Amino acid sequence: MSGNETIQTDRRDFLKISIKGIFLTTLLQIGLPFPALANAPKEVLLTHDAAAKTLTVQITHSSSSPGWHYIAKVEIKKGEKTISTVEYKSQPDQPTFSYVYPIEAAPGDVLEVKASCSIF
């Protein structure tokens, strides 16, 4: 095998690997568009009823497929401490909906709510 044949073989191998890499990258981009479908909740509003000892969390999260793309978890903190974590398997059909949680809070307590989408 001469030096020219070695260079041509190396180029063919490189070309084959490059084409396979481009093909695999294209397949992944076409087949895995999930991050583009994900969207964080647009709005989260809190209302605490001290007499009823409840916290109403109103969430705006649009989804054309609420059984697959939904608010998967709502975490509630009072101060730095997590006091409630609720996981869901779907969300209501309308884009704005509310969940009610039994939460006691005194004047001056800071409540923080984090709503997480099921897709990333």
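Start by selecting Phe 97 and Tyr 99: both are buried, meaning under 20% relative accessible area with a 1.4 Å probe, protein chains only. A word on the ground rules: this is a predicted model, where local features need pLDDT of at least 70, side-chain atom pairs count only at pLDDT 80 or more, and totals for chains, interfaces and linings use all residues. Residues are numbered from 1 along each chain as its sequence is written, and side-chain values use heavy atoms, with hydrogens and water left out.

Keep those two rings on screen. Their centres sit 5.3 Å apart with planes at 65 degrees, so Phe 97 and Tyr 99 form an edge-to-face pair (centres within 6.5 Å, planes over 60 degrees apart; under 30 would be stacked, the rest tilted).

Tyr 88 lies in the loop between strand S4 (81-87) and S5, while Tyr 99 is in S5, so the pair ties together parts 11 residues apart in sequence (strands are DSSP E runs of at least two residues, numbered from the N terminus). Bring in Tyr 101 to complete the cluster linked by ring pairs.

Next stop: the largest nonpolar core, with 14 residues, including Leu 55, Ile 76 and Tyr 99. Such a core joins buried Ala, Val, Leu, Ile, Met, Phe, Trp, Tyr and Cys residues through side-chain atoms within 4.5 Å. Finish on Leu 55, which touches Ile 76, Tyr 99 and Tyr 101, among others (heavy atoms within 4.5 Å).

Notes
Buried means under 20% relative accessible area, exposed over 50%, partly exposed in between (1.4 Å probe, protein chains only). Helices (H or I, at least four residues) and strands (E, at least two) are DSSP runs, numbered from the N terminus. Rings of Phe, Tyr and Trp (its six-membered ring) pair if their centres lie within 6.5 Å; planes under 30 degrees apart count as stacked, over 60 as edge-to-face and the rest as tilted. Lists of a residue's contacts leave out its neighbours within four places in sequence.
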